[in-house]
Amino acid sequence: MNSTKFLFLHKKLTGWRRLLSKCMLLVVCLFIISMQPAYAGLNDDRYDGNMFVVYAGNGSLVPSKQTLAQALAEHKPVFLAFYLDDSSDSKRYAISISRVQELYGRVVEIIPISVDSIPAKQTYDSTEPGYYYSGRVPQVLVFNRSGQVVLNKTGQVAFEDIDDEFRKIFDLSPRTETAQLKRRAFNEFSSELAK
């Protein structure tokens, strides 16, 4: 009689566990179905990670090696770029910033600043990035060796404008032709890393 009672109780518990597992499976399936996919791309204002890694193939830009105050104190030329990771304009401009690093990264301090990281203050010192931010992204500034701003533009600033200023700073000969910047395919980044 005890064995019959135990079997009945066992079947009741097994049925209860089975019902609970089915309910849990249903909840998980509903959760998965109701999740919105994460769509982000070059031409939208959605966040999809560090834009330099995703769109320029250059994660070495962030964080910068030095602060603006350190670079100005050492009398180094500075390229300061304000951006937002969730701005389509900034995403499209990432390749130009990466190109500046490619050509001038060893002799110029390149400082990309996410606007979200600028502390909110009433006033800024001239050695703080917030002092130069105009409220629009992308914004680029070029400082010469004496710390003077020689270029301050917002929007899709042509690479040639930046290059011209650095050519003046380093006393280089003028450029004879326009540099054609083209976006590489994602697989090219992977193949470069494999080398």
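I began with Lys121 and Glu128, whose side chains meet in a salt bridge with N to O at 2.8 Å. For a salt bridge I required a side-chain nitrogen of Lys or Arg within 4 Å of a carboxyl oxygen of Asp or Glu. Lys121 is partly exposed at 40% relative accessibility, and Glu128 is partly exposed too, at 23%. My cut-offs for relative accessible area were under 20% for buried and over 50% for exposed, with partly exposed in between (1.4 Å probe, protein chains only).

I kept in mind that this is a predicted model, in which local features need pLDDT of at least 70 and side-chain atom pairs count only at pLDDT 80 or more, while totals for chains, interfaces and linings use all residues. Residues are numbered from 1 along each chain as its sequence is written, and side-chain values use heavy atoms, with hydrogens and water left out.

How many salt bridges does the rule give? I counted seven.

Next I looked up Glu109 and Lys76, which form a salt bridge at 3.1 Å, N to O. This pair links distant parts of the chain, 33 residues apart: Glu109 lies in strand S2 (residues 109-114), and Lys76 in the loop between helix H3 (68-73) and strand S1 (78-83). I took helices (H or I, at least four residues) and strands (E, at least two) as DSSP runs, numbered from the N terminus. Glu109 is buried, with a relative accessible area of 5%, whereas Lys76 is partly exposed at 24%.

I then turned to Arg92 and Asp89, a salt bridge with its closest N and O atoms 2.6 Å apart. Both sit in helix H4 (residues 88-104), and because they are three residues apart there, about one helical turn separates them. Arg92 is partly exposed at 30% relative accessibility, as is Asp89 at 32%.

I stayed with H4 and checked its span. The expected value is 1.5 Å times one less than the number of residues, so the 17 residues of H4 should span 24 Å, and its end C-alpha atoms, 25 Å apart, agree with that. Where does H4 bend? I found a bend of about 35 degrees at Ala94, taken as the angle between axes fitted to the seven residues ending there and the seven starting there.

Last, I listed what is buried in H4; among these residues are Lys91, Tyr93, Ala94, Ile95, Ile97, Val100 and Tyr104. Their cover includes helix H2 (51-55), S1, S2, strand S3 (139-143) and helix H5 (159-169), with contact meaning heavy atoms within 4.5 Å.
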